Protein chains: 2
Amino acid sequence: MAKLQGKGNCQTCPIRYRSIFSGIPEADLPDVLQDFRTSVITLTHNENIYIEGDAAAHAYTLRKGLVKLTKSLADGRTQIVRIIGHGELFGFDGLAGEDYNQTALALTDIEICKLPMKDLERIRATSPEVDKAMMQGWIQGLRAAENMLLDLGAKKAPERLASFLLKWCKDNQPGQWIDLPLSRSEIAELLGLTVETVSRFLSDWKRKGLIQDTRSTIQLTDPEGLKQAVCTSARGL
Amino acid sequence: MAKLQGKGNCQTCPIRYRSIFSGIPEADLPDVLQDFRTSVITLTHNENIYIEGDAAAHAYTLRKGLVKLTKSLADGRTQIVRIIGHGELFGFDGLAGEDYNQTALALTDIEICKLPMKDLERIRATSPEVDKAMMQGWIQGLRAAENMLLDLGAKKAPERLASFLLKWCKDNQPGQWIDLPLSRSEIAELLGLTVETVSRFLSDWKRKGLIQDTRSTIQLTDPEGLKQAVCTSARGL
DNA sequence: CGCGACTTTGAGCATATTCAATAAATGTGG
DNA sequence: CCACATTTATTGAATATGCTCAAAGTCGCG
């Protein structure tokens with residue numbers, strides 16, 4: 001269940017250095033963040049943070065775990081439009097006077113910091129550091145969305161899946177086990193494919209020794225081989 | 001050919017009211033925009049504004065016409081990631097310290113205002129109105145990209161095409177002729193389809209009397225019928 | 001141990017692509 | 001202004017990619 005952990009304390013927040021508040025000089029923190037009515041909330045896997053169409057009165061920063069942002073069609077087809085990681089700000093549609101454009105769900109057990117829109121607006125106006133960090137977050141978000149549009153619009157199934165794996169594991173050594181807390185059907189939802197298609201290619205690559213996996217971790221045994229395999233199978237690129 | 005029209009004059013700019021400068025009180029204009037070294041440039045259809053990967057030293061505002069932002073794969077497959085309309089700001093990756101993430105091409109003959117990144121940064125810092133307008137632009141851009149991700153990831157060909165047409169014509173009366181300066185292959189590039197698929201559905205709907213079109217204009221004779229046709233053909237939604 | 005959820009695998013099918021040929025529209029030069 | 005060349009759009013037939021439906025297998029948890 002959603003559980004209020006108490007009022008946030010930004011001075012001691014463990015992820016402050018990865019958040020929109022990372023640029024604020026230590027000495028200015030009390031000043032800038034005074035009267036900031038944050039609350040820290042824990043949620044368990046699959047719990048809901050907000051729903052597409054709701055009035056956006058709060059934005060959120062992710063302190064622990066992963067969040068997925070999804071959009072759905074009337075008949076239930078669902079698309080994951082973004083995955084939120086450590087320190088990222090999400091749910092800020094209210095800053096443009098709009099309702100939430102997506103639904104936010106906990107992909108793992110999570111800890112989030114809930115930020116009232118009014119306070120966030122005020123802090124953005126008073127702190128150039130926060131303002132800049134938020135701007136960069138939006139621009140990076142836009143770039144990521146554009147990259148995803150290229151994947152969904154122009155790439156075939158195996159290419160999309162390989163891109164996803166390579167991106168997911170990009171900061172790790174080949175041959176290292178990496179958490180992948182997405183189910184097969186969530187990977188499918190992210191890539192615009194079906195569970196079966198995702199499973200087939202993963203199995204295939206496992207047989208060929210390009211990857212290894214357990215239920216919720218993965219290892220790219222041979223990232224180069226993976227790129228290769230995808231390129232040749234797609235007779236181009 | 002690209003042609004420099006001269007230094008921009010913001011006070012008399014015909015699209016100022018639709019740009020990021022729309023919020024500035026008339027009286028403050030000279031102050032806020034002093035030393036702003038803009039230049040107005042005209043380009044003809046298919047001319048290039050900037051290329052993916054270039055250093056992003058300028059952002060642009062579109063004064064006349066339409067621009068497409070595209071991304072490409074190594075083998076030439078191309079995806080249109082966004083279409084820029086009247087008054088919109090684009091090419092601002094530099095604000096996040098990044099290179100251009102897309103290629104910008106004139107979809108029609110256009111007139112753009114070229115804004116040096118340094119000046120833009122300064123103005124954003126000094127004018128809350130400009131700052132707010134830019135923020136709203138980014139959030140709206142993100143929302144549009146998310147909506148597009150849903151289309152590309154979850155919808156079938158006819159649904160994507162119908163969504164596109166309905167969105168394109170949404171501010172117009174049914175039965176009104178509307179400019180559509182995209183070729184069939186550009187529509188395909190935007191929707192992640194092939195020219196042939198686009199052409200087939202358009203022809204089909206034309207035969208059924210749902211739409212009419214000439215080379216570069218379109219008319220939704222029966223928008224409701226179009227929605228209907230798509231829903232039933234997709235046995236859901 | 002047994003239930004339920006998730007995953008894998010298979011077979012047939014449908015959608016959209018590819019390849020190919022024709023038709024229509026646009027632009028160019030005489 | 002017309003004839004020709006070039007690009008763009010339409011249509012058809014065959015193919016392939018990824019989906020649907022179905023069944024069996026695996027894992028985790030009570």
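Good morning. I begin with a pairing in chain A, where strand 1 (residues 3–7) and strand 2 (residues 39–43) run antiparallel and are joined over 4 bridges. Please bear in mind throughout that this is a predicted model. Within that pairing, A:Leu4 has A:Ile41 of strand 2 as its bridge partner. Strand 2 of chain A is also joined to strand 9 (residues 110–116) of chain A, in the antiparallel sense, by 5 bridges.

Let me now step back to chain A as a whole. Chain A holds 7 helices and 12 strands. Along the principal axes, the C-alpha atoms of chain A fill a box of roughly 55 × 40 × 35 Å. How does the radius of gyration of chain A stand against that of a compact globule? For 237 residues, such a globule would have a value near 18 Å, and chain A has 19 Å, which agrees. Of the 237 residues in this chain, 41% count as buried. As for contacts in chain A between residues at least 6 apart in sequence, 71% of them join residues at least 24 apart.

I turn next to strands in chain B. Strand 8 (residues 103–106) of chain B is covered on both faces. On one side lie B:Thr103 and B:Leu105, on the other B:Ala104 and B:Ala106, and all of these are buried. Strand 8 of chain B pairs with strand 3 (residues 48–50) of chain B, antiparallel, over 2 bridges. There, B:Tyr50 stands opposite B:Ala104. Strand 8 of chain B pairs as well with strand 5 (residues 67–72) of chain B, again in the antiparallel sense, over 4 bridges. In that pairing, the bridge partner of B:Val67 is B:Ala106.

Strand 10 of chain B meets strand 12 (residues 217–220) of chain B in an antiparallel pairing over 2 bridges. Here B:Ile178 stands opposite B:Ile218 of strand 12.

The next topic is how the two chains are arranged. In general, two copies of a chain are related by a rotation about an axis and a shift along it. In this model, chain A is superposed on chain B by a rotation of 180° with 0.0 Å of shift along the axis, at an RMSD of 0.0 Å. That is the relation of a two-fold axis.

What do the chains use to meet? In total, 36 residues of chain A are in contact with 35 residues of chain B. On the chain A side, strand 6 (78–84) and helix 3 (128–154) are the elements that give two or more residues. Helix 3 of chain A provides the largest share, 17 residues. By class, this side of chain A has 19 nonpolar, 10 polar and 7 charged residues. Of the interface residues of chain A, 97% are also interface residues in chain B, so the copies meet through the same surface.

Which of the 17 residues around DNA strand D come nearest? They are A:Lys156, A:Ala157, A:Thr197, B:Ser199 and B:Ser203. The elements that give two or more residues to this surface are helix 4 (157–168) and helix 6 (195–207) of chain A, together with helix 5 (184–191) and helix 6 (195–207) of chain B. Helix 6 of chain B gives the most, with 6 residues. The surface near DNA strand D divides into 5 nonpolar, 6 polar and 6 charged residues.

Around DNA strand C there are 17 residues, of which A:Ser199, A:Ser203, B:Lys156, B:Ala157 and B:Thr197 come nearest. At least two residues of the surface near DNA strand C come from each of helix 5 (184–191) and helix 6 of chain A, and helix 4 (157–168) and helix 6 of chain B. For DNA strand C, helix 6 of chain A gives the most, again 6 residues. The residues near DNA strand C comprise 5 nonpolar, 6 polar and 6 charged. Thank you.

Note on methods. Residues are numbered from 1 along each chain as its sequence is written. Chains are lettered from A and ligands numbered from 1 in the order in which they are written. This is a predicted model: local features need pLDDT of at least 70, side-chain atom pairs count only at pLDDT 80 or more; totals for chains, interfaces and linings use all residues. Copies are superposed by least squares on the C-alpha atoms of residues with pLDDT of at least 70 in both. Two residues are in contact if their C-beta atoms, placed from the backbone, lie within 7 Å. A residue is near a molecule or strand if its C-beta atom, placed from the backbone, lies within 6 Å of it. Ala, Val, Leu, Ile, Met, Phe, Trp, Tyr, Cys and Pro count as nonpolar, Asp, Glu, Lys and Arg as charged, and the others, Gly among them, as polar. A residue is buried if 20 or more other C-beta atoms lie within 10 Å of its own, exposed if 12 or fewer, and partly exposed in between; C-beta atoms are placed from the backbone. Two strands pair if DSSP finds at least two bridges between them. The radius of gyration is taken over C-alpha atoms; the globule rule is 2.2 Å times the number of residues to the power 0.38.
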